Amino acid sequence: MQSVLYKAVKACENEREFLSLMRTTFTDKELEMLDERWHIFNSIAQGLPQRTVASDNNCSIATVTRGVKAYRDHKKTVDKYLKVMFND
């Protein structure tokens, strides 16, 4: 059974529709947090120290630590999407 969000994302015909869906679904703060998390993942994947990651992303060490845990728990999946997101 597909999630309703996945169905909605699949129905988007272009980036404009996708962004509209995201803005409708999430608050500005939630979207910022998603973006921050992926930038943290990218920094972690590059092997940067947590303090540097926190400084570069203007967030707390605790936020980075949660990102490190999520990265470790889902490394294969995160690495797959980092290639798409940051290696243009």
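The model is predicted. The chain contains six helices and zero strands, and its pattern along the sequence reads α-α-α-α-α-α. Along the principal axes, its C-alpha atoms fill a box of roughly 40 × 30 × 25 Å.

**Packing of H3 and H5**

- Two packed helices are described by the distance between their axes and by the angle between those axes.
- Helix H3 spans residues 28-45 and helix H5 spans residues 61-73; their axes come within 9 Å and cross at roughly 70°.
- Because angles of 65 to 115 degrees count as roughly perpendicular, H3 is described as roughly perpendicular to H5.
- On the H3 side, the contact involves Glu 36, Arg 37, Ile 40, Phe 41, Ile 44 and Ala 45.
- On the H5 side, these residues meet Thr 63, Val 64, Arg 66, Gly 67, Val 68, Ala 70 and Tyr 71.
- By class, the contact of H3 with H5 is made up of eight nonpolar, two polar and three charged residues.

**Largest pocket**

- Rolling a probe the size of a water molecule over the atoms shows where empty space is left.
- The largest pocket holds about 520 Å³ of space.
- Its lining consists of 14 residues, and Phe 18, Met 22, Leu 31, Leu 34 and Asp 35 are those that lie nearest the centre of the pocket.
- At least two lining residues come from each of helix H1 (4-11), helix H2 (15-25), H3 and helix H6 (75-86).
- H3 provides the largest share of this lining, with five residues.
- The lining of the largest pocket divides by class into eleven nonpolar, one polar and two charged residues.

**Second largest pocket**

- The volume of the second largest pocket is about 160 Å³.
- Glu 30, Met 33, Leu 34, Glu 36, Arg 37, Thr 63 and Arg 66 form its lining.
- H3 and H5 each contribute at least two residues to the lining of this pocket, and the largest share, five residues, is from H3.
- The lining of the second largest pocket has two nonpolar, one polar and four charged residues.
- Leu 34 lines the second largest pocket and is also among the residues nearest the centre of the largest pocket.
- Glu 36, Arg 37, Thr 63 and Arg 66 line the second largest pocket and also take part in the contact of H3 with H5.

**Aromatic pairs**

- A pair of aromatic rings is described by the distance of the centres and the angle of the planes.
- The whole structure contains two aromatic pairs.
- One of them joins Trp 38 and Phe 41 in an edge-to-face arrangement, at 5.0 Å centre to centre and with 85° between the planes.
- Trp 38 and Phe 41 are three residues apart in helix H3, so about one helical turn separates them.
- Phe 41 also belongs to the H3 residues that meet H5.

Terms used. Residues are numbered from 1 along each chain as its sequence is written. This is a predicted model: local features need pLDDT of at least 70, side-chain atom pairs count only at pLDDT 80 or more; totals for chains, interfaces and linings use all residues. Side-chain values use heavy atoms; hydrogens and water are left out. Axes are lines fitted to C-alpha atoms, for helices over the stretch in contact, and angles run from 0 to 180 degrees between N-to-C directions. Helices (H or I, at least four residues) and strands (E, at least two) are DSSP runs, numbered from the N terminus. Angles under 35 degrees count as roughly parallel, over 145 as roughly antiparallel, 65 to 115 as roughly perpendicular and the rest as oblique. Contact means heavy atoms within 4.5 Å. Ala, Val, Leu, Ile, Met, Phe, Trp, Tyr, Cys and Pro count as nonpolar, Asp, Glu, Lys and Arg as charged, and the others, Gly among them, as polar. On a 1 Å grid over the protein atoms alone, a cavity is a set of points where a 1.4 Å probe fits but cannot get out, and a pocket is an open set with protein on both sides within 12 Å along at least five of seven lines; lining residues have an atom within 4 Å of a point. Grid points are joined across faces, edges and corners, and a volume is the space filled by probe spheres set on the points. Rings of Phe, Tyr and Trp (its six-membered ring) pair if their centres lie within 6.5 Å; planes under 30 degrees apart count as stacked, over 60 as edge-to-face and the rest as tilted.
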